[in-house]
Amino acid sequence: MVAAYGTTSASLAGTLSGALGLPGGGSIPFMRSDSISDTSWGFADLIPQFALRWNAGVNNYMAYVTGDVPVGVYNSTSLANMGIGHGAIDGGGGYTYFDPQTGHEFSAVLGFTYNLINEATQYQNGVDMHLDWGASQFLTKQIQVGLVGYVYKEIGCDSGSGDRVGCFQSQVLGVGPQLGFIFPIAGMQGYLNVKAYAEFDSRDRPDGWNTWVTLSISPGAPAAAPRPMLTK
């Protein structure tokens, strides 16, 4: 179960311009500009996760189910929210190829998300497909460099009595570099990963860039068992 506490901020600025026609001919131009901003503090939604992983040599597999329990800070009239305002369930699978002899690594995870209706707005997002991938090369046993990317595409139509925009299928693609480090820490294994994405080919969805920094600590690889000593 994943829980989070934090803050989020959002701002919006716009300009409306036009001309008002007069009965006797001619027009009066007008223009109005305005901006709003909002900040939210609090807990985010709870995210339960279930996964099964197995491997066969250099081939590694995963099946997962996750979702969203909408208990985070959310207000349908706010510009910034920690929660998304509706439940969701997501399932999919992943594959990783990793050869420790050559240092080659490739991973891909494909999933689909079903969104429940937002009771406050009576708006329901369509089913979306998301693909995350990464390819890297271990330069040493501790240093990893490579590329990462993702594809997000809504394959179902939005619906609900609050839907006033029609099908509204959004999409966005992202790609960028990644850098990873493996290091010992307090008798365990630490892994630090930095990756950045530049987004493009967006539709009905904002695009830009984002950076992720991940630190994970796990038990180190078990030491090889000593070979038995045979005495004749």
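## Terms and model

Two strands pair if DSSP finds at least two bridges between them. Strands are DSSP runs of E with at least two residues, numbered from the N terminus. The model is predicted: local features need pLDDT of at least 70, side-chain atom pairs count only at pLDDT 80 or more, and totals for chains, interfaces and linings use all residues. Residues are numbered from 1 along each chain as its sequence is written, and side-chain values use heavy atoms, with hydrogens and water left out.

## The sheet

Strand 8 (residues 143–154) pairs with strand 9 (residues 171–185) in the antiparallel sense, over eleven bridges. Within strand 9, leucine 179 stands opposite valine 145.

These strands belong to an open sheet of nine strands, ordered 3-4-5-6-7-8-9-10-11, with antiparallel pairing. Strand 3 (49–56) and strand 11 (209–218) are the edge strands, each pairing on one side only. Neighbouring strands of the sheet are turned by 15° against each other on average, direction ignored; axes here are lines fitted to C-alpha atoms, and angles run from 0 to 180 degrees between N-to-C directions.

Twelve bridges link strand 5 (residues 88–99) to strand 6 (residues 104–115) in the antiparallel sense. Glycine 92 has glycine 111 of strand 6 as its bridge partner. The hairpin of strands 5 and 6 has four residues between the strands, and its glycine 103 takes a positive phi near 85°.

Strand 6 is also joined to strand 7 (residues 128–138) by ten bridges, and the two run antiparallel. Opposite histidine 104 stands glutamine 137 in strand 7.

## Aspartate 45

Aspartate 45 is found in the loop between strand 2 (27–43) and strand 3.

The side chain of aspartate 45 reaches the backbone nitrogen of glycine 72 at 2.8 Å and that of valine 71 at 3.4 Å. Not counting residues up to four places away in sequence, aspartate 45 touches residues including Val2, Asp68, Pro70, Met82 and Ile84, contact being heavy atoms within 4.5 Å.

## Glycine 160

Glycine 160 lies in the loop between strand 8 and strand 9. Its relative accessibility is 35%, so glycine 160 counts as partly exposed, the class between buried and exposed (over 50%).

Methods
A polar contact is a pair of N or O atoms within 3.5 Å; within protein, one must be able to donate a hydrogen and the other to accept it, and residues adjacent in sequence count only if both atoms are side-chain atoms. Buried means under 20% relative accessible area, exposed over 50%, partly exposed in between (1.4 Å probe, protein chains only).
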